[in-house]
Amino acid sequence: MNLFAKGAGLLALTLLSALPVMAQKTASQGIDEYRAMLADGNPAELFEAKGEDLWKKVRGPQNASLEKCDLGKGPGVVKGAFVELPRFFADTQRVQDLESRLVTCMQNLQGWDGAEIAKTPFGQGEQNNVTALATWIASESKGHRFNLSQNHQQEKTFYEVGKRLFYQRGGTHDFSCASCHGEQGKRIRLQDLPLLSKSPGDGVGFAAWPAYRVSNGQMWGMQFRLNDCYRQQRFPYPGFGSDATIALSTFLGVNAKGAISVAPALKR
Amino acid sequence: MADPMRIRAQAAGDKTTVRVLMSHEMETGQRKDAAGKTVPAWHIQEVTATHNGKQVLSAEWGTAVSKNPFMQFVLKGAKVGDKIAVTWKDNKGDTRIDEATVT
Amino acid sequence: MQSRRQTLQRSAAVAALLANAGFPQWAQAAFNKNAFDAKSVQDAVKAAGGVSLIESKDVTLTAPDIAENGAVVPIGISTALPGVKQLLLLVEKNPLALVAIFQSSEALENNFLTRAKMGQTSDVYAVAIMADGKALWAKKEVKVTLGGCGG
């Protein structure tokens, strides 16, 4: 209760300090400073190290590593792969994002049951390994600019589906992604909400996940982020690797063309 | 055995800044799980570090240090190539030691 | 057969040898349970050996004005003063005030950075306990906010 009073008081302060007359630091600037102080020594590095180890480790029923996994730029090519996903893959005849592609490789190369991994809740079992792998693979594209392909028909289709889903209202509160992310300058309490119907700029939105979340000390990939967004909109989880989440990722990723990736990032 | 630490030791003149990220839950002992049961305290209690085998750091931590702890300290008189080893021990007796080279 | 006294003398000598050889577990200062179980800043400092609390401009506490989330607050404690035995980090309004103790060492600067959990907006203290027991402190208020949706 105390915290709510303080939060309300802080909001009032923030609104006051938005007036040009006051030279006070805004809450937004304060938070930027806080994030800057944490930038050095992001616990995501612990997951990067784990992910790199898992990529090279011989594991699974087929006793193999993931080093021949094709993330879109050829077997074993990791650098630069993150910023070109999701994309169409000929061998699965599907548009896939990073995490669903990893599960494909874990199944085909190492013999894991992909459907089982997809059903495993986030933060448990092999899902932890998928997250660690995604964290490392993302880090290998840090500083690269997003450049998703829209050459294949399915890639174009998924973009359009993603766009429809972005604006589709539903659930008990009639929310859509656009309710929070469809207008410039929106905010929930002290969280600035990026506008995602076009590129929100370097290191924001799609360019900032996977991310280490300080509030719960968890590493979240884009799959967890999107599924949980749906939960916050009072929808059920679309599911890991679902067409819906991959379509939305395609929409966000194509919109982010040219933006610099900072993943893995640090978030609240 | 706990996950490895990330240790970076960067020399600038006579000062070497050592940054350490540790993998640990750091449970306060006040949190309740989904079933309503209190999760027992589980945290790093002691941290030490050596420089080329000689002890330089000794610290004690309570439950309020954040999960996946970060620590930074400044070492005097180290040179590129020197070895830094960091050890932690938690209240359950689990321990971890990792090493890094000064760059 | 060795007497108990001989065994204890032996083990002390062995511990010293090991300490010099770089086995830090043996030379670790005993965990100060009383200090970490203390509720208030004053009680924790006293349990750590601080005799009198004196505000000092020579002790520095570095922390953000606002912490987006109280689970991870970056805090630095430092001093350039000579004669320091220990540096303490405390959060006044936490259920147990003491967060960490760093032993002073010839090989290190008295300059430490770590991250603490804060239950609510509170004053954060850096305390340097000197050889004569004086506890020199500096403090700063850190506001802890509730964030929004987790972006």
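The following dialogue explains how to read several features of this predicted model.

Visitor: How many helices and strands does chain C have, and in which pattern do they follow the sequence?

Guide: Chain C has four helices and nine strands. Along the sequence the pattern is α-α-α-α-β-β-β-β-β-β-β-β-β. Of the 151 residues of chain C, 45% count as buried. Among contacts in chain C with a separation of 6 or more, 65% are between residues 24 or more positions apart.

Visitor: Which residues of α3(A) are buried, and what covers them?

Guide: The buried residues are A:Ala44, A:Leu46, A:Phe47, A:Glu48, A:Ala49, A:Lys50, A:Gly51 and A:Trp55. Their cover comes from two chains: it includes α6 (125-139), β5 (211-213), β6 (218-220) and β7 (265-267) of chain A, together with β1 (6-12) and β2 (15-21) of chain B.

Visitor: How many residues of α6(A) are buried, and what covers them?

Guide: Twelve of the 15 residues of α6(A) are buried, so that the helix is mostly covered. Among them are A:Val130, A:Leu133, A:Trp136 and A:Ile137, as well as A:Gln127 and A:Asn129. The cover includes α3, α4 (98-110), α5 (114-119) and β6 of chain A. In length, α6(A) reaches 22 Å from its first C-alpha to its last, close to the 21 Å expected at 1.5 Å a residue.

Visitor: How is the arrangement of two helices described, and at what angle do α9 and α10 of chain A cross?

Guide: Two packed helices are described by the angle between their axes and the distance between the axes. Here, the axes of α9(A), residues 222-232, and α10(A), residues 243-255, come within 10 Å and cross at roughly 105 degrees. The two helices are therefore roughly perpendicular to each other. On the side of α9(A), the contact is made by A:Met222, A:Gln223, A:Leu226 and A:Asn227, and on the side of α10(A) by A:Thr245, A:Leu248 and A:Ser249. By class, the residues of this contact are three nonpolar, four polar and no charged.

Visitor: Which residues stand opposite C:Phe102 and C:Ile101 of β6(C)?

Guide: C:Phe102 has C:Leu87 as a bridge partner, and B:Ala59 of chain B also stands opposite C:Phe102. C:Ile101 stands opposite B:Glu60.

Visitor: In what order do the six strands of the open sheet lie, and which strands stand at the edges?

Guide: The order is β1(B)-β2(B)-β5(B)-β7(C)-β4(C)-β2(C), and the pairing is antiparallel. β1 of chain B and β2 (59-62) of chain C stand at the edges; each has a single partner strand, so one side of each is left without a neighbour in the sheet. The twist averages 15 degrees from one strand to the next.

Visitor: How many residues of chain C are in contact with chain B, and which element supplies the largest share?

Guide: The contact involves 33 residues of chain C and 30 residues of chain B. On the side of chain C, α1 (4-21), α2 (24-27), β6 and β7 (108-116) each supply at least two residues. The largest share, eight residues, comes from β7(C). By class, this side of chain C has 21 nonpolar, nine polar and three charged residues.

Notes: Residues are numbered from 1 along each chain as its sequence is written. Chains are lettered from A and ligands numbered from 1 in the order in which they are written. This is a predicted model: local features need pLDDT of at least 70, side-chain atom pairs count only at pLDDT 80 or more; totals for chains, interfaces and linings use all residues. A residue is buried if 20 or more other C-beta atoms lie within 10 Å of its own, exposed if 12 or fewer, and partly exposed in between; C-beta atoms are placed from the backbone. Two residues are in contact if their C-beta atoms, placed from the backbone, lie within 7 Å. The expected span of a helix is 1.5 Å times one less than its number of residues. Two strands pair if DSSP finds at least two bridges between them. Axes are lines fitted to C-alpha atoms, for helices over the stretch in contact, and angles run from 0 to 180 degrees between N-to-C directions. Angles under 35 degrees count as roughly parallel, over 145 as roughly antiparallel, 65 to 115 as roughly perpendicular and the rest as oblique. Ala, Val, Leu, Ile, Met, Phe, Trp, Tyr, Cys and Pro count as nonpolar, Asp, Glu, Lys and Arg as charged, and the others, Gly among them, as polar.
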